[in-house]
Amino acid sequence: MCGIWALFGSDDCLSVQCLSAMKIAHRGPDAFRFENVNGYTNCCFGFHRLAVVDPLFGMQPIRVKKYPYLWLCYNGEIYNYKKMQRHFEFEYQTNVDGEIILHLYDKGGIEQTICMLDGVFAFVLLDTANKKVFLGRDTYGVRPLFKAMTEDGFLAVCSEAKGLVTLKHSTTPFLKVEPFLPGHYEVLDLKPNGKVASVEMVKYHHCRDEPLHALYDNVDKLFPGFEIETVKNNLRILFNNAVKKRLMTDRRIGCLLSGGLDSSLVAATLLKQLKEAQVQYPLQTFAIGMEDSPDLLAARKVANHIGSEHYEVLFNSEEGIQALDEVIFSLETYDITTVRASVGMYLISKYIRKNTDNVVIFSGEGSDELTQGYIYFHKDWRGRKKNCFVCQKQNSWCFCL
């Protein structure tokens, strides 16, 4: 998790505006940087770094000698960056996964670039040679991105809304901050005065469609048909690959474990793959709950079975209540379900941060939302039962809800 922040066409003092970027400092505890754009005194990038890949040359905005007119600030992981590098024979200047965005953009433009990325990401790409600004976000919106834009062309972008709400601008007392749409990219013209004008907003991918980068994947070939064993084999192939491609890090990996199906499968598969990769440390798993919580008992049983180094975090109702303000501030939502589910996540994350050297944390989060695992998903808003089934489309398996 890193924090990105950028301004284009600010009519207020940048040194004052930059104070807003410090509100997302928690996203990057390892380093931070502010950098003005050459030739545009009212444009600026800000970056808070959590170093996961290439701790030496991974600072942002990323700029390489071959493309001195390109500036990139991004948050996320691009899982297929090495594969793309080898296939197109790009000459890398760093070991940072995000550098692939610069090379792909120079080769084929923004649309081909974003469609070729297998990963989770949010980015701001500036091309001063062609006077363009590009914003992009991954298909599911795993990585957050917010923007504020005024009628006269002032643009502000940030990983969290709190980094934008106190910005100043002469034409409005309050900026309207909106989330940037998942699965989209936006093209903006950069004017000589540093302000921008939106050209187009493009939906580049739908989760039902096979992504362009799948043409270059080295995933084992999936089997056709809907027989139960065929479906099992295909799911096993895709699941193993999903875990494996997320091992790209120079930092220690841990895993949250509730003892449920999703986190147990992730933990067991992760431990197996770490052993195959000959990682020199034991996998640490973490569970949280109140005393005698069924989750703690189930997680303990799974940890004993797979052989992980297991830790349990206990909390009481008072500690949960005390964490609410900070949880809501961090989430930037009052949604009851989200807040309720995030209290435990917040407390266990604090524990991991304080007591261990784990930086990259796997979990089973997201699968219940995607495949209707919760009870309240079993009926739609009209009270009718929903159907969930598996379909095969162009050799790519997906769940259609």
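K162 lies over the face of F329, 4.6 Å from the ring centre; a charge sits over a ring here if NZ of Lys or CZ of Arg is within 6 Å of the ring centre and within 35 degrees of the ring normal. R63 does likewise, with its charged end over the ring of W71, 3.6 Å from the centre. Bear in mind that this is a predicted model, where local features need pLDDT of at least 70, side-chain atom pairs count only at pLDDT 80 or more, and totals for chains, interfaces and linings use all residues. Residues are numbered from 1 along each chain as its sequence is written, and side-chain values use heavy atoms, leaving out hydrogens and water.

**Aromatic pairs**
- Searching the whole structure turns up 13 aromatic pairs (rings of Phe, Tyr and Trp, the latter by its six-membered ring, with centres within 6.5 Å; planes under 30 degrees apart are stacked, over 60 edge-to-face, the rest tilted).
- One of them is W5 with F34, edge-to-face at 6.0 Å centre to centre and 85 degrees between the planes.
- That pair ties together parts 29 residues apart in sequence, because W5 lies in strand β1 (residues 3-8) and F34 in strand β2 (residues 31-37); strands are DSSP runs of E, at least two residues, numbered from the N terminus.
- W5 and F34 also form one aromatic cluster with F32.

**F8 and F45**
- The ring centres of F8 and F45 are 5.9 Å apart with planes at 90 degrees, so this pair is edge-to-face.
- F8 sits in strand β1 and F45 in strand β3 (residues 40-49), so parts 37 residues apart in sequence are tied together.

**Burial**
- W5 is buried at 1% relative accessible area (buried means under 20%, exposed over 50%, partly exposed in between, with a 1.4 Å probe and protein chains only).
- F34 is partly exposed, at 31% relative accessibility.
- F8 and F45 are both buried.

Notes: Helix = DSSP H or I, 4+ residues; strand = E, 2+ residues; numbered from the N terminus.
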